[in-house]
Amino acid sequence: MHSNNKRTLKKIKKHHTANREALSKIANAYATLGTGDVEKAVQLPLGKDGKEVDSNEWLSVNTIDFFNEMSLMLGSILEDDMCTQQTCPQMRAGPKFKYMWADGVKYKTPTLLCAADYIDNLMTWIESQLDDEDIFPISSNNYPKNFEKIVKTIFRRLFRVYAHLYHHHFEQIEKFSGDVHLNTSFKHFVLFALHFNLIPKEEYGPLDDLIKHLLEKKKSASIQEAETKSST
């Protein structure tokens, strides 16, 4: 799917301040470690003054990072002809969930698109939100009043891409050894979304069992970590 990859693969967004770059490094350092550390990756970190950082800035940094992660992942794990008009004529996540696209500009009413076009429009729309300095300010923390609402929309839509990949392309992705990347990325994404209540509960439906499995593993890891500390 080289043609679709080129459309979907967006320019990597940078963090424009040293503080945000540092916050991004904190989150990603934890996220690449063990299960217990992913939990730390989603929590509000402490700033140099010992207080929690601004929650909107933390949401901003992670939203940009998850967008970059999805863009790179789509460009690397989707092989030729994996997701096309022919293979995926609709944006679905299994037989029960079908997604229609609307952006209020090009598509003013919900429109049924093939999965590749849906994902491309989704990534282009997110990119436009991240590039809008009235929404994602570069050098200040003057976020708009509806900032969290916009972030929630971004996360809800990104989740649909994960849901489509797992339901319709996981075996192909696994065959090309991209499953570890996908699983690691999704685990970090969903734990962050759950921690900050960014996605409505009903939206998790297509991957409900997978999420429950992740949470059980996280719970088991936490118990094991606690037992290890108590025995030392």
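Reply: Happy to. Let's begin with handedness: a crossing is left-handed if the near helix is turned anticlockwise from the far one by less than a right angle, and right-handed if clockwise. Here, H5 passes H6 in a left-handed crossing. Helices (H or I, at least four residues) and strands (E, at least two) are DSSP runs, numbered from the N terminus. Keep in mind that this is a predicted model: local features need pLDDT of at least 70, side-chain atom pairs count only at pLDDT 80 or more, and totals for chains, interfaces and linings use all residues. Residues are numbered from 1 along each chain as its sequence is written, and side-chain values use heavy atoms, with hydrogens and water left out.

Me: How many helices and strands does the protein chain have?

Reply: The chain has eight helices and zero strands, giving the pattern α-α-α-α-α-α-α-α along the sequence.

Me: At what angle do the axes of H5 and H6 cross?

Reply: In general, two packed helices are described by the angle between their axes and the distance between the axes. Axes are lines fitted to C-alpha atoms, for helices over the stretch in contact, and angles run from 0 to 180 degrees between N-to-C directions. For H5 and H6, the crossing is at roughly 155°, and the axes come within 11 Å. The two are therefore roughly antiparallel (angles under 35 degrees count as roughly parallel, over 145 as roughly antiparallel, 65 to 115 as roughly perpendicular and the rest as oblique).

Me: Which residues of H5 and H6 meet?

Reply: Contact means heavy atoms within 4.5 Å. From H5, the residues include Ala115, Ile119, Leu122 and Met123, and from H6 they include Ile154, Leu158, Val161 and His164. By class, the contact of H5 with H6 divides into 11 nonpolar, three polar and two charged residues. Ala, Val, Leu, Ile, Met, Phe, Trp, Tyr, Cys and Pro count as nonpolar, Asp, Glu, Lys and Arg as charged, and the others, Gly among them, as polar.

Me: Is His164 buried or exposed?

Reply: Buried means under 20% relative accessible area, exposed over 50%, and partly exposed in between (1.4 Å probe, protein chains only). His164 counts as buried because its relative accessibility is 1%. Leaving aside neighbours within four places in sequence, His164 is in contact with residues including Cys83, Cys88, Arg92 and Ile119. Ile119 also counts as buried, at 3% relative accessibility. Of the 232 residues of the chain, 45% count as buried.

Me: How many residues does the largest nonpolar core have?

Reply: A nonpolar core is a set of buried Ala, Val, Leu, Ile, Met, Phe, Trp, Tyr and Cys residues joined through side-chain atoms within 4.5 Å. The largest has 60 residues, and Leu158, Phe189 and Phe192 are among those with the most contacts inside it. The elements giving two or more residues to this core are H4, H5, H6, H7 and helix H8 (208-230). H6 gives the most, with 13 residues. Leu158 touches Phe66, Met70, Leu122, Met123, Ile126 and Phe189, not counting residues up to four places away in sequence.

Me: How do H4 and H7 pack?

Reply: Helix H4 (residues 55-77) and helix H7 (residues 179-195) have axes 11 Å apart, at an angle of about 160°. That makes H4 roughly antiparallel to H7. The crossing of H4 past H7 is left-handed. Phe66 is one of the H4 residues in this contact, and Phe189 and Phe192 are among those from H7.
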